[in-house]
Amino acid sequence: MDVVIVVHTEFGYVHNREVVYDKRATQGVSQAVPDLVRVAGRYDAKITFAVMPEVVEYFPSETGHEIGLHIHPGWEEFRTGDLTFQVGDRYLREHCEQSRSSTVLTGYPYKEQLGMIRTGADVLEDKFGTRPTTFVSGRWSVDNNTVRALVDAGMERDCSATPHSPPCHHDWSRLPRICMPYHPSGDDYQEKGSVPLLIVPVSQMFPAHIASPEAAPRMGLSWLKACFDEYYRQEMPLFHMCLHSPCMTDAYFLRIMDEVLRFMSVHKNVHFRFVSEIPEYGPVHPSTLIGPYLLGMNRNMVTVGVRALLSRLHRRSA
Ligand SMILES: [Zn+2]
């Protein structure tokens, strides 16, 4: 089984175990990238960093890992609790034609999408010496124009698909939850076709959530491990995990990442790959395996139960 790890590389920090994409928090790149590289190095894991043009000067020049392009168009304010932050890319906002302020590529004219993708690829090529061939769209949002623009800009692989998630500002709802890489149709990016771009969907946990260490606070690390097990037991050729770089500024998420990598690396025939190494595999016939999740749930419930019992006993004896 091949494993890819894709990191949306952007500014931000962690607050209450959630990423806040604050553009003043440059440590989301300058500190997070070397820290993740260190953890990955313990397991010879390969990382594909999808880098926003506005963060390149904070990205270390030699990591030994792969560089892809990550684009957030537009400029909008978002809020989480009392905190506000801006979404968009300062560099692209200043250097590209953008007729809208929307922070999803869907709906931008073809020409403007092509302009942003080309300009972003130029910036990364100037900095790293290699033109990126892997793309990740901000907020997972693409349309048929994006696919056309990616091909025309020389991109070979796209990692924006979150299969089977309900349609919102993005739509990948017609892909099955367990979905292997495919070439899309030019008329419908969710249909198989012959466009020379390989869509490499993110692995999805049951019932529907991207496979990411960032889900651990809500769903438990065991749920992510169960998802890996589900793919592994069925001999799926690829497991694709993703995360946002700012979470790697936080000790809790670094520990989760370390545990996930250790867990995956002890399995036989698991190979960490860069996205650029991923081919279109032969046909697969996956089904939902509930067993690994039930096991994970039991483990969680036992831990929570024992903790509750111990604290009750402690209170009684105090
Ligand atoms: Zn992003």
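I started with helix α7 (residues 221-233) and helix α8 (residues 251-265), which pack at an angle of about 30 degrees with their axes 11 Å apart. For the record, this is a predicted model, where local features need pLDDT of at least 70 and side-chain atom pairs count only at pLDDT 80 or more, while totals for chains, interfaces and linings use all residues. Residues are numbered from 1 along each chain as its sequence is written.

My notes on terms: helices (H or I, at least four residues) and strands (E, at least two) are DSSP runs, numbered from the N terminus. Axes are lines fitted to C-alpha atoms, for helices over the stretch in contact, and angles run from 0 to 180 degrees between N-to-C directions.

**Entry 1: α7 and α8**

I wanted a word for the angle, and α7 and α8 are therefore roughly parallel to each other. (Under 35 degrees counts as roughly parallel, over 145 as roughly antiparallel, 65 to 115 as roughly perpendicular and the rest as oblique.) The crossing of α7 and α8 is right-handed. (Ala, Val, Leu, Ile, Met, Phe, Trp, Tyr, Cys and Pro count as nonpolar, Asp, Glu, Lys and Arg as charged, and the others, Gly among them, as polar.)

**Entry 2: D258**

While on α8, I clicked on D258, which lies in that helix. D258 is partly exposed, with 16 other C-beta atoms within 10 Å. (Buried means 20 or more other C-beta atoms within 10 Å of its own, exposed means 12 or fewer, and partly exposed is in between; C-beta atoms are placed from the backbone.) I also checked D258 against R42: they are 216 residues apart in sequence, but 8.5 Å apart in space, C-alpha to C-alpha.

**Entry 3: α4 and α5**

Helix α4 (residues 110-128) and helix α5 (residues 144-152) cross at roughly 45 degrees, and their axes come within 9 Å. That makes α4 oblique to α5. I found Y110, Q113, L114 and I117 of α4 in contact with N145, T146, R148, A149, L150 and D152 of α5. By class I get 5 nonpolar, 3 polar and 2 charged residues there. The crossing of α4 and α5 is right-handed.

Most residues other than glycine have a negative phi, and most peptide bonds are trans. I went looking for exceptions. A cis peptide bond joins F206 and P207, with omega about 0 degrees. P207 sits in the loop between β11 (204-205) and β12 (209-210).

R17 is not a glycine, yet has a positive phi of about 60 degrees. I located R17 in the loop between β2 (13-15) and β3 (18-20). With 14 C-beta neighbours inside 10 Å, R17 is partly exposed. N269, also not a glycine, has a positive phi of about 60 degrees. I found N269 in the loop between α8 and β14 (271-272), and N269 is exposed, with 8 other C-beta atoms within 10 Å.

**Entry 4: the whole chain**

Zooming out, I noted 9 helices and 14 strands in the chain. Of its 318 residues, 44% count as buried.

Key: A crossing is left-handed if the near helix is turned anticlockwise from the far one by less than a right angle, and right-handed if clockwise. Two residues are in contact if their C-beta atoms, placed from the backbone, lie within 7 Å.
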